[in-house]
Amino acid sequence: MNAEVDTDRASTFSSRGFIVVYALAYAGLFVSFIPFVSVLLPLKVTAVADPEHRIALLSAAALGGAGVASVANLVFGALSDRTLRNRGTRRPWILAGLVLLILAYALFHWSSDAIQMLAAVGLLQIAINMMFAPVGAIMADEVPDAQKGLVAGLMGAAHPFSSLIAVGVTLQALGTQGMRYALMCAVIVLLVLPLLLFLRERRDSLPEPPPALRIRRRADFARIWVARVLVQIAGNGLSTYGLFYFLAVLGQKIPDKHHAEAASEGVAAIFAGVTIVALVLTIAAGRLSDLMMRRKPFLAVAALVMAAGLAIMAAAPNWAVATLGFGAAISGMSVFLALQSALAMQLLPSPRHRGRDLGILNLTNTLPAMVAPLLALALSPDKAGYAPWLLVLALGVLAGGAAAMTIRTQN
């Protein structure tokens, strides 16, 4: 596993305590945005926009937010590289992002028109990526290659775990909407804070890999980048338009505010129902890939499962079949993204620029967030139905799996 540059770190940073604290913090970052894109943003759109303008406003929020996130992650990744070199830590950026996130959520909650909502979305993306960039780089800094599959599996489990929090966001029994926002922010703080308190980063840097290995890693890093983009387009589409899809399966294509609020609890319950399966599969696949010292076979299977799930969703006549397809799609996506992250971390060309390079990798999260809304606008699922859109996403996933198979550096 290219252990020649990682052996000494394996003996020092293999503590289970660090892995748990890191996994919790990463889950907290997902809680900061998955309930937002899957539940809170669609609900806010139904509250501030007329029915005929909702798809357009949701797409504008997704596109604008993705653009801000792309720039923010690159900037804060590079800044955290500099802070690590000069002060031996990336933590100041995580703390600043956490504070800004709470402020941004308050502004989003209080927004009462489209302009205010879009401004709050932009601020949220800055805060989220101020945390995401340094936290992602910490994994590359501190986790040995022999444990990256396990940690990536736990990281991949953050997506379905955050869907459980989305369930809580929709439960009106927890109080007012403001109270539910406050509780979600409290959960984020509780998950991220232990990493800030207990992380002890290494000040010594790893040596640069040999030139030939660096060139090979750079080429394979580009291949895994393309693969992730194609899969993330589908994943982002499911996150952003999943609520509207299930409402369409129910037969309610353009929900009003009250119907959306009521139906969102049922949709969130579906998200929670597939969470356990995706969680177990992702962690198991990550650990097994460590033991086998191979990632690519898992990537191939995960892409096939996700594409099959999207095809099932496209043909689903009712909620039961739609839920089956959604479960397969989310499980495949979770495993693919987790194992892809582990492999990508091993392919980073230079230890000195991990935050910057992971900012480039993060474009595979933000660029798809621009493409998915454009596909939705082009294929008009609210008018033509969701089947063509879902089938296009499935084809993209298959292409992403094929791209992952072209990687030459297996480990």
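Modeller: Gladly, and let me start with one term: contact means heavy atoms within 4.5 Å. By that rule Ala72 touches Ile126 and Asn129, leaving aside residues up to four places away in sequence. Please keep in mind that this is a predicted model.

Colleague: How far apart are Ala72 and Asn129 in sequence and in space?

Modeller: They are 57 residues apart in sequence, and 5.9 Å separates them in space, C-alpha to C-alpha. Ala72 itself is found in helix H4, residues 54-87.

Colleague: Why is Ala72 called buried?

Modeller: Buried means under 20% relative accessible area. Ala72 has 7% relative accessibility, so it counts as buried.

Colleague: How do you know that the length of helix H6 agrees with its number of residues?

Modeller: The expected span is 1.5 Å times one less than the number of residues. Helix H6 covers residues 114-142, which is 29 residues, so it should span 42 Å; its end C-alpha atoms are 42 Å apart, and that agrees.

Colleague: And what makes you say H6 is largely enclosed?

Modeller: 22 of its 29 residues are buried, so the rest of the structure largely encloses H6.

Colleague: Which residue caps the N-terminal end of H6?

Modeller: Asp113 does, with a side-chain oxygen 3.2 Å from the backbone nitrogen of Ile115. The cut-off for a polar contact is 3.5 Å, so the 3.2 Å distance falls within it.

Colleague: How does helix H5 do on the span test?

Modeller: H5, residues 91-110, has 20 residues and should span 28 Å; its end C-alpha atoms are 30 Å apart, which agrees. Its buried residues include Ile94, Leu101, Tyr105 and Phe108. Helix H3 (34-48), H6 and H9 are among what covers the buried residues of H5.

Colleague: Now the charged pairs. How many salt bridges are there in the whole structure?

Modeller: A search finds four. Asp81 forms one with Arg90, their closest N and O atoms being 3.0 Å apart, and both of these residues are buried.

Colleague: Why is the pair Asp220 and Arg223 called a salt bridge?

Modeller: The rule asks for a side-chain nitrogen of Lys or Arg within 4 Å of a carboxyl oxygen of Asp or Glu. The closest N and O atoms of Asp220 and Arg223 are 2.8 Å apart, so the pair qualifies. Both lie in helix H10, residues 211-250, three residues apart, or about one turn of the helix.

Colleague: Are Asp220 and Arg223 buried or partly exposed?

Modeller: Asp220 is buried, because its relative accessible area is 0%. Arg223 is at 26%, so it counts as partly exposed.

Colleague: What makes Arg287, Asp290 and Arg295 one network?

Modeller: Salt bridges that share partners join Arg287, Asp290 and Arg295 into one network. Arg295 has a relative accessible area of 0%, so it is buried. Asp290, at 7%, counts as buried too.

Colleague: What surrounds Ser331, and why is it called buried?

Modeller: Ser331 has 6% relative accessibility, so it counts as buried. Its place is in helix H13, residues 319-346. Not counting residues up to four places away in sequence, Ser331 touches Val277, Ala278 and Leu281. A polar atom of the Ser331 side chain lies 2.8 Å from the backbone oxygen of Gly327.

Colleague: Last one: which residues form the nonpolar patch on the surface?

Modeller: Leu171, Leu174, Met179 and Leu183 do, with about 320 Å² of accessible area together. Met179 is found in helix H9, residues 177-198. With 41% relative accessibility, Met179 counts as partly exposed. Patch residues need over 30%, so Met179 passes that cut-off.

Conventions
Residues are numbered from 1 along each chain as its sequence is written. This is a predicted model: local features need pLDDT of at least 70, side-chain atom pairs count only at pLDDT 80 or more; totals for chains, interfaces and linings use all residues. Side-chain values use heavy atoms; hydrogens and water are left out. Patches are made of residues with over 30% relative accessible area and no salt bridge: like charges are joined within 9 Å, nonpolar side chains (Val, Leu, Ile, Met, Phe, Trp, Tyr) within 5 Å. Accessible areas come from the Shrake-Rupley method with a 1.4 Å probe; for residues, only the protein chains shown count as cover. Helices (H or I, at least four residues) and strands (E, at least two) are DSSP runs, numbered from the N terminus. Buried means under 20% relative accessible area, exposed over 50%, partly exposed in between (1.4 Å probe, protein chains only). A polar contact is a pair of N or O atoms within 3.5 Å; within protein, one must be able to donate a hydrogen and the other to accept it, and residues adjacent in sequence count only if both atoms are side-chain atoms.
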